[in-house]
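Subject: Structure handover

Hello,

Here is the structure I promised to pass on. Please open it alongside this note, and then read on for what was found.

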Amino acid sequence: MANGASPAVERRRLALELRRLRTEAGKTIYDVADRLECSAGKVSRVEMGVVGARIQDVREMLDLYGVRGDQREQLLELVRRSRRRAWWQDFAGVVPPESAKLYGLEAGAAAIDAHSVALVPGLLQTDGYARAIIGSPPDATRETIDRRIQLRRRRQELIDRTDPPAIRFVLHQAAINALIGTRAEMAAQLRHLLDVGERPHVTLQVIRADAGAYAAAGVSFTAFSFAHEADPKIVFLEQLTRNTFIEDLEEVDEYTKAFESALAVAETPERSRALIQKRLGELN
């Protein structure tokens, strides 16, 4: 998908625009709910991008807000694009429902900044490494493990597509020193890091274990930026039982600064490669 063309990104843009138009029109969520003959909760979910908007509902909203002409047609077209089926819908039920938003953000981002403390990020994981992590829960079934690995492969296709995002990975040395899976599987993972790090649109840097404290220390997160000016930056935090998306502008700015602090203490890409090669030599 071209940068910004992801249905998830377009749904988010539509949600933000509908919320803005309602506020400018001086209408409440309850006013909209009355017009649509639905619950206020449904309107709220549409404005938050939690659920997709029906084109007839958006027509009614735009009538209520007095939106006409080209702006109206552009928004209705945005509704149509945001409702396109995406590849990640084939994996519903394998991962938490809100994960679909993550895959949509990845697909539509113009730039991705990922800071990882203890693990190699999913976009960089080999099958063997991923299998060791996904299969670690005692109740993980083989079918679920296989499906989630297929999902990771699909996510990783964005790295080699014709219009890839600019990606900056910052890994703490703990992520490359860990032994995930067998020694051979970890070695394969490190070789993959070296390979992906050679891509012109990918920057891979490692923070040494003795680098000291920095603002992002101990926190793994990913920040997504977009080409369209109507799509503000968003931060993703992955947790054990849920995923969190941070959109508040002041909070996002804190994470942006934290990522810059990580870059400031990280080794250069060249020295980072040397650290990875050194660890690889220890495993071989």
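Start with a helix. The buried residues of helix 8 are covered by, among others, helix 6 (99-108) and helix 7 (127-134). Helices here are DSSP runs of H or I with at least four residues, strands are runs of E with at least two, and both are numbered from the N terminus. Buried means under 20% relative accessible area, exposed means over 50%, and partly exposed lies in between (1.4 Å probe, protein chains only).

Two notes on the source. This is a predicted model: local features need pLDDT of at least 70, side-chain atom pairs count only at pLDDT 80 or more, and totals for chains, interfaces and linings use all residues. Residues are numbered from 1 along each chain as its sequence is written, and side-chain values use heavy atoms, with hydrogens and water left out.

Back to helix 8. Its buried residues are Ile145, Ile149, Leu151, Arg152, Arg155 and Gln156. They cover an arc of only 155° around the axis, so they sit on the same side of helix 8. The arc is taken from the directions from the helix axis to the C-beta atoms. The length of helix 8 (residues 142-156) also agrees with expectation: its 15 residues should span 21 Å at 1.5 Å a residue, and its end C-alpha atoms are 21 Å apart. The expected span is 1.5 Å times one less than the number of residues.

Two strands pair if DSSP finds at least two bridges between them.

Strand 1 (residues 111-116) runs parallel to strand 2 (residues 166-172), with 6 bridges between them. Ile112 stands opposite Ile167 in strand 2. Strand 1 is antiparallel to strand 4 (residues 221-225), and 5 bridges join the two. There, Asp113 has Ala223 as its bridge partner. Strand 1 is mostly covered, with 5 of its 6 residues buried.

Ser116 lies in strand 1. Its bridge partner in strand 2 is Leu171. Ser116 counts as buried because its relative accessibility is 8%. Beyond its neighbours within four places in sequence, Ser116 contacts Pro121, Val170, Leu171, His172 and Ser220. Contact means heavy atoms within 4.5 Å.

Thr222 stands opposite Phe236 in strand 5. Strand 5 (residues 234-238) is mostly covered: 4 of its 5 residues are buried. Strand 5 and strand 6 run antiparallel over 4 bridges, and form a hairpin with 4 residues between them. Glu238 stands opposite Asn243 in strand 6.

Last, the rings. Rings of Phe, Tyr and Trp (its six-membered ring) pair if their centres lie within 6.5 Å; planes under 30 degrees apart are stacked, over 60 edge-to-face, and the rest tilted. This rule gives 5 aromatic pairs. Trp87 and Trp88 are edge-to-face, 5.4 Å centre to centre with 80° between the planes. Both Trp87 and Trp88 are buried. Trp87 and Phe91 have ring centres 6.1 Å apart and planes at 85°, so this pair is edge-to-face. Phe91 is buried, with a relative accessible area of 6%. Ring pairs link Trp87, Trp88, Phe91 and Tyr103 into a cluster.

Best wishes
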